Amino acid sequence: MALAMAFLFLVVLGAGVHADTSFQYYQFSDSSGSISTLGDARIYIDDLALELTNTSAGRATYDYPVRVLSTSPSTSISFETTFIFSIEPDVGVPSSYGAGLTFSISSENTTVGDPGPFLGLVKANPSSSLALPTVKYFALEFDTHQDTQFQDMNDNHVGVDFNSLISNQAKPAQSGVTPITLASGSHIQAYVTYNSLAKILDVSIAPYVNQDYVKPAQSLISVPIDMGTLFNEYMYVGFSAATGAGSVKHKIWSWTLKTTTVDSSGQPVASPPDSVNSGPGPSPSAFDQGSGFGDSGSARSVSSILWPFLGLFAVMVGLVCS
Ligand SMILES: *[C@@H]1O[C@H](CO)[C@@H](O)[C@H](O)[C@H]1NC(C)=O
Ligand SMILES: *[C@@H]1O[C@H](CO)[C@@H](O)[C@H](O)[C@H]1NC(C)=O
């Protein structure tokens, strides 16, 4: 049964509020805690996927605000996220198209944006063709429709957006030198890394080939940006998507995200875990459900170290108290 197949693992490192976030969803089910959905979005049990659209727009966010901006001048926060998505055309309706999908880091988690060019991320401004400037965000857009008001280059591009759907940088979708059709229904893995010391954001995508995803050596987009100027200390991470004309499905199949607070030499500011939260999920033996999913090695090693340690700790506490 699909129950207990999804896995959520949240490690809170550091003292109190100065916490790094790390989680992995190898798939989604009704036991995938800590994800809230708005609009069309829902967790689709038959697929074990997060389905963002049906006929309009949807959004899904991780419930816990993620600390993405350090208030201490001696530290900064890097992050990396990977996710697998697919955009499935509406086969019955040839003229239908989707608008696209975004991963976003946003200042709020309660509004689903408008459909079409607004990608389910932001609300349209009723008095212009642009968006209401009420939300702070970084978004990575996978845009499958050319919208001239947002200066889209074509109907198959990847763009990075900072507080505007007019992309700061955009590239036709490709993995290394291989062109990718975003709305083919095929699974695609995205890799997003922000190095807070170099202040560079890197984005790559990889298709599923020979039962694997291979991250290309060269980033698709590499942008110098100081994310600190965009972010509040705590922001919400998640996805949005929108249809255009028709009912294109936008799905997320798995997702990992990790923040790392680093000092001025780039070393992680490590301190022992002060709390461990495991969401509703399986025993650690089910981690292998994530096979074929890149970048999961470190997650496995962290959890394989932590779980036996916690078990031993619980036994010791039990002995001492008895
Ligand atoms: C928004 O975030 C808060 C925590 O800050 C959470 O309790 C709430 O469920 C979230 N709501 C939605 C719709 O995501
Ligand atoms: C999708 O939209 C159609 C048409 O509005 C509706 O009948 C159907 O129930 C929706 N499906 C889901 C899963 O929400």
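Me: Is K199 buried or exposed, or does it fall in between?

Reply: This is a predicted model, and in it K199 counts as partly exposed because it has 16 C-beta neighbours inside 10 Å, whereas a buried residue needs 20 or more. K199 sits in the loop between β15 (188–195) and β16 (200–209), and although it is not a glycine, its phi is positive, at about 55°.

Me: Where does L119 lie, and is it buried or exposed?

Reply: L119 belongs to the loop between β9 (98–106) and β10 (137–143), and it is buried, because 32 other C-beta atoms lie within 10 Å. L119, a residue other than glycine, also has a positive phi, near 55°.

Me: Which residues of the largest nonpolar core touch the most other members?

Reply: The general idea is that in soluble globular proteins nonpolar side chains tend to be buried together. Here the largest nonpolar core has 71 residues, of which L50, L52, F85, A190 and I252 touch the most other members. If neighbours within four places in sequence are left aside, the contacts of I252 are A49, L50, L52, F83, F85 and F239.

Me: How many bridges join β11 to β12?

Reply: Strand β11 (residues 157–162) and strand β12 (residues 169–172) run antiparallel and are joined by four bridges, with V160 partnered by Q169 in β12. The two strands form a hairpin with six residues between them, and N163 in the turn has a positive phi of about 60°.

Notes. Residues are numbered from 1 along each chain as its sequence is written. Chains are lettered from A and ligands numbered from 1 in the order in which they are written. This is a predicted model: local features need pLDDT of at least 70, side-chain atom pairs count only at pLDDT 80 or more; totals for chains, interfaces and linings use all residues. A nonpolar core is a set of buried Ala, Val, Leu, Ile, Met, Phe, Trp, Tyr and Cys residues joined through C-beta atoms within 7 Å. A residue is buried if 20 or more other C-beta atoms lie within 10 Å of its own, exposed if 12 or fewer, and partly exposed in between; C-beta atoms are placed from the backbone. Two residues are in contact if their C-beta atoms, placed from the backbone, lie within 7 Å. Two strands pair if DSSP finds at least two bridges between them.
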